[in-house]
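Colleague: I would like to learn how to read the charged pairs in a model of this kind. Could we go through them slowly, beginning with the general idea?

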Amino acid sequence: MYGSHSGRARVALTTAGAAVGALLLLSGCSSSSAEPPEEAALPQTPAQQPKAKGPFWVNPESTAAKRAAELRKGGRSGPADLLGRIAAQPVAEWIGPDDPEGQARGFTEAAAKADRVAVLVLYNIPHRDCGQYSQGGASDGDAYRGWLDGAVRGIGDRGATVILEPDALPHISDGCTPHEHHEERFALLKEAVGRLKSLPHTKVYLDAGNPSWVTPPDRMEEPLRRAGIDRADGFALNVSNFQTTKANKDYGHRLSQLLGGKHFVIDTSRNGNGPLRAADHEKAWCNPGGRALGEPPTTRTGDAKVDAYLWVKRPGESDGTCKGGPDAGQWWETYALDLARNAR
C-alpha cells in the first residue's frame, strides 16, 4: 500500500492500493463541456505526466481515479471523463496523524518507482486551525516531534516536495492562534524545517497563506523568519484557496523581496475562476460555487521565483459542512464534477 491516513478538514486523505502497471500516456483535455468529445477521452488509468512538465507523481489509485473507473464501467463516460481530468494530475498526499512513517514511505517509494517525486503535506501542528473545521493536531510539542520523526524516516533519501503545516503561520499573524502557543509553534516549525532539510532530496515550503488573508505581505515576514524560512526552499501560497495565480504572484514577489529573494509555490488546484466575491468570508472559502480547476501542476511557470504550480488541495473534497457539503475532507462528487466542468 502507498499509505493509509486520516482526513483533514479541507483536504481528505485516501487509502491507496498497489501500483498499477502499463500506464498509457495522457492526452490533453481542456474542454469545459459536460461530455468531452470522444477523441479527447481520457484513458482509464492515469499516466504519469511528462517529466519535462514537472517531476511530480500521479497517484493512479486516487479517489478521483477510482470513481472515474467505476463510472466508466457503469457506462457513464461523461462524468468519468470529467473526474479523469482530476485523476490525471499529480495531487499532494496529506500525511495524517496515524503512521506517518508508513504513509511517507509508501508514497515516496511509489513515486520513486515511477521515477517521480511525491508532493507531501505535513499537517499535524498542535492547536491546529484554532478549533475550526480542521481542528486537531498533535497533543503537544513532544507528540509532534515524535510524529515528525516518523515522517522524516519515511521520506528517507527519496525525493519529496513538502508543504509544511498549512495555516500554522497565518493563524499566528491573524490572531486566531492564542498568544501562549506562538513560541512553541515557531520552535516546532523551525525544527521541522531543519529535520526535513537534513534529508538529501527533500524540498520544503512553509505555508504563508494567500493574498486575501494576511495583508500586506509584510505581516508574514517575521513569522516566516522565526519559523526557519532561511533554511527552507521557500514558501507556499493559496493552499486550499481560490485566489488567482496573478494575485498570488504579485503577493509572492512582494513577500519574496522581504525575505531576500526566497522562491515560492502556488496551489492552483481550484483557482481557475478565481475567488467568490462575497462579504461573508466563510462563503468565499468554504465550498464556494462556480469555481474551477486551475493551471495543471508544473515546474514550467515562466517565473523565476515561482518554483511550481501545485495541486495541494485535493479537488473534489469538501471544505466543511457548509453549502450542503459533507464533513470536511470527505469526497463530494458533485463539487468535483463542477470543478472539472467549469475548467477552461
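Modeller: A salt bridge is counted here when a side-chain nitrogen of Lys or Arg lies within 4 Å of a carboxyl oxygen of Asp or Glu. The general idea is that side chains of opposite charge can pair when their charged atoms come close. Please keep in mind that this is a predicted model.

Colleague: How many salt bridges does the structure hold?

Modeller: The structure holds 19 salt bridges. One of them joins Arg153 and Glu101, whose closest N and O atoms are 3.0 Å apart, and this pair links distant parts of the chain, since Arg153 belongs to helix α4 (residues 141-155) and Glu101 to helix α3 (residues 100-113), 52 residues apart.

Colleague: Where do Arg225 and Glu221 lie?

Modeller: Both are in helix α7 (residues 218-226), four residues apart, which is about one turn of the helix. Arg225 and Glu221 form a salt bridge in which the closest N and O atoms are 3.2 Å apart. Arg225 is partly exposed at 42% relative accessibility, and Glu221 is partly exposed with a relative accessible area of 23%.

Colleague: What is the relative accessible area of Glu317, and what is the relative accessibility of Arg314?

Modeller: Glu317 has a relative accessible area of 2%, so it counts as buried, and Arg314, at 5% relative accessibility, is also buried. The side chains of these two residues, Glu317 and Arg314, meet in a salt bridge with an N to O distance of 3.3 Å.

Colleague: Which residues are linked with Arg67 in a network of salt bridges?

Modeller: Arg67 is linked in such a network with Glu70 and Glu333.

Colleague: Which residues of helix α1 are buried, and what covers them?

Modeller: In helix α1 (residues 63-73) the buried residues are Thr63, Ala64, Ala65, Ala68, Leu71 and Arg72. What covers these buried residues includes α2 (77-87) and α10 (333-342). If you then follow the chain beyond the helix, α1 is followed by Gly75, whose phi is positive, near 85 degrees.

Note on methods
Residues are numbered from 1 along each chain as its sequence is written. This is a predicted model: local features need pLDDT of at least 70, side-chain atom pairs count only at pLDDT 80 or more; totals for chains, interfaces and linings use all residues. Side-chain values use heavy atoms; hydrogens and water are left out. Helices (H or I, at least four residues) and strands (E, at least two) are DSSP runs, numbered from the N terminus. Buried means under 20% relative accessible area, exposed over 50%, partly exposed in between (1.4 Å probe, protein chains only). Contact means heavy atoms within 4.5 Å.
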